Amino acid sequence: MDDSGQVVPSADGGVSSLPPEIWRVVAEQILGQNTLRALVQVCRLFRDIFRPFLHRKFSIDLGRHEPTAWEQKTLPVCLRYAKDFEVIINEFRDSERQSGAYYNIDLNDGYAAFVTRALKAMPNLHSLRWLNSSLGEDYDSCLILSNAELLATAKSCPNLQHLFIQFTNVFLDDPVNALKCNTSLKGFKTLASLELFQFYGKEPELIDNMANILRDCPGLKRLGLGLAREFDCDQIPEILVATGDCDFLEKLCLKYGTSSSPLALETLRLGHGMFVYKPKSPSTGNYLSKLVKFWDIKTLHIYNGLVHETDDWDFEPVPMQVQWNFFTECASLCQLSVTRLDKKLRRWLNTSGKSVQELLITEHYSMYDNALGNFDILELPQLSMLFTREMTISEHPNTRGWRGINSDTREQIYVDKYRITTLDRIPDNIANLTRLGLCIELENQWVRFSSHLPQLRHLTYLRMDSKSHRSGRYPATSTSLWPGVVKPKEIAKRYIQLMRSECPSLQYVQVKNWAWQITSPMPGVPAREAHVELRELEWEERMGIELFALASFAPQSGLPGPDNYYEELSEEEELRMDRRLAELERRFAAGDHFMTDLIEAVQ
């Protein structure tokens with residue numbers, strides 16, 4: 001290192017003689033924390049180069065300690081390297097949760113003071129993420145982000161470009177106290193990315209608040225918005241209540257457009273409460289055009305789930321009437337994420353949405369959902385990424401099967417619905433797939449699924465999950481095709497090796513809680529199952545792969561978002577959970593619907 005503090009090349013040759021700029025490019029590609037830790041310990045040169053990348057993200061869960069404990073902590077010196085700061089507020093300690101800190105509203109200023117102190121120690125901060133998932137009484141913890149000094153410090157961060165705020169509880173159950181799910185946004189300037197989810201407030205004030213920050217950030221490239229809304233939680237999935245005017249988005253666009261030019265967004269994400277409905281007045285036209293330049297949009301995420309349009313929830317929910325014609329000018333659209341593939345959307349995709357290459361469907365379908373028929377006649381010849389979800393339901397023996405086309409012979413076939421996957425429904429759209437995420441029951445669907453592998457000549461990333469509402473471990477022992485291989489993780493590895501022997505392009509595979517890179521043979525080189533070698537990915541590496549990072553449910557106001565970190569259960573814990581779930585199912589089947597003791601034990 002020279003007198004200016006810059007790392008300089010060594011004169012002794014070898015890897016240390018490479019310019020530091022080359023090593024920094026290498027470091028940008030390394031996501032695994034264990035790998036970076038190992039590199040930091042190699043030599044002084046590597047320590048100075050790789051340490052900033054090891055500490056580029058700083059994440060804290062405020063609920064782990066009370067403010068007095070946080071105040072006593074010495075802030076780590078490495079905060080000067082932090083570019084991403086994530087503040088998480090999970091559940092506080094109570095009579096049911098025996099870990100973490102007890103909470104009351106008087107502690108808010110103490111928590112805010114610690115976050116403020118941390119912000120001041122991060123001169124290179126680029127991204128601030130605030131995630132409050134606490135379901136505490138009265139939403140009081142949401143007020144931490146209204147602390148004046150904390151807000152002023154955040155707004156004064158000179159390099160801040162990305163702001164993400166998500167308040168607690170997507171399901172609005174207390175409109176009075178939910179008014180705390182808001183904060184003053186005016187003063188954040190020159191942001192490139194802004195995402196605000198589960199906000200709530202008096203409509204005129206909330207619209208002014210959002211319009212002001214949009215005006216102050218004319219260079220925005222990414223915008224995500226979502227409100228806390230009322231839901232019918234007795235349904236699976238939950239049904240959004242869309243009564244009243246449902247014109248918040250229209251009013252926001254018109255308010256913003258009175259004095260500002262449309263934003264050149266590349267990503268637009270519209271979650272709960274952002275209804276893309278017909279304008280209240282026909283003369284208004286496409287109000288979204290006042291907010292955004294459509295031809296710049298490459299990524300579009302929209303919540304379009306089923307809704308209740310009346311206060312009588314006994315009526316069947318209806319599809320959300322999204323005005324897809326508003327997006328006809330999105331000629332550069334590459335990725336589209338929606339809740340459901342309904343008839344109106346399918347027609348729009350088959351006509352005006354041909355540019356879409358990446359399609360994400362976040363609702364967990366049942367195999368008997370009639371809306372699945374829209375996949376059968378979907379026409380997306382450039383489709384390179386597909387992500388779908390399904391739920392487990394009981395088989396209906398008298399239900400009609402699925403009638404489709406054999407992709408090889410073009411002959412009509414008739415198959416039980418519980419045996420097919422999404423690939424069967426879109427045989428003419430899979431040739432260019434490079435990334436695929438789906439839910440599959442190996443017991444019933446493996447044969448049909450594996451028959452498509454030879455046709456997936458470009459598939460690089462594959463994600464396989466169990467269907468939601470399925471109990472027990474995955475893959476189940478009963479699905480093992482190999483004598484003596486009974487542990488789920490080992491079964492998953494064997495399936496990956498088998499799939500790679502059928503699909504030579506495959507390089508990365510995630511099976512529920514585990515993910516691997518196929519290290520040998522090289523991509524495209526055929527190999528027998530026994531010759532396929534795997535390397536398990538670290539958590540950070542998984543989160544760096546978009547397909548693997550997605551949470552199974554849509555956590556950001558009904559839009560897709562990254563999964564939360566979780567510790568892998570031990571073999572003993574998994575077996576104990578299996579026994580408890582089996583007992584739960586046995587007692588429920590026997591008519592015991594008052595199993596409070598057992599349910600609490602499972603939780």
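What follows is my list of entries, starting with the ground rules.

**Ground rules.** I am working from a predicted model, where local features need pLDDT of at least 70, side-chain atom pairs count only at pLDDT 80 or more, and totals for chains, interfaces and linings use all residues. Residues are numbered from 1 along each chain as its sequence is written, and side-chain values use heavy atoms, with hydrogens and water left out.

**Cores.** I looked up the nonpolar cores (sets of buried Ala, Val, Leu, Ile, Met, Phe, Trp, Tyr and Cys residues joined through side-chain atoms within 4.5 Å; buried means under 20% relative accessible area, exposed over 50%, partly exposed in between, with a 1.4 Å probe and protein chains only). The largest has 145 residues, and F85, V276, L288, F327, F449, L462 and M499 touch the most other members. I also noted a second, separate core of twelve residues, including A27, V40, F46 and L54.

I then checked V276 for contacts (heavy atoms within 4.5 Å). Beyond its neighbours within four places in sequence, V276 contacts L249, L270 and Y287, among others.

**Helix 8 and strand 6.** Helices (H or I, at least four residues) and strands (E, at least two) are DSSP runs, numbered from the N terminus. Helix 8 spans residues 248-257, and its buried residues are F248, L249, E250, L252, C253 and Y256. They pack against helix 7 (203-216), strand 6 (222-227) and strand 9 (267-270). Five of the six residues of strand 6 are buried, so strand 6 is largely enclosed by the rest of the structure. Strand 6 pairs with strand 5 (residues 193-199) in the parallel sense over five bridges; pairing requires that DSSP finds at least two bridges between the strands. F199 has L227 in strand 6 as its bridge partner.

**Salt bridges.** My search of the whole structure turned up 24 salt bridges (a side-chain nitrogen of Lys or Arg within 4 Å of a carboxyl oxygen of Asp or Glu).

- I found K186 bridged to D216, with the closest N and O atoms 3.9 Å apart. K186 sits in the loop between strand 4 (162-166) and strand 5, and D216 in helix 7, 30 residues apart. K186 is partly exposed at 49% relative accessible area.
- R389 and D465 meet at 2.9 Å, N to O. R389 is in strand 14 (residues 385-390) and D465 in strand 18 (residues 461-465), 76 residues apart. Both R389 and D465 are buried.
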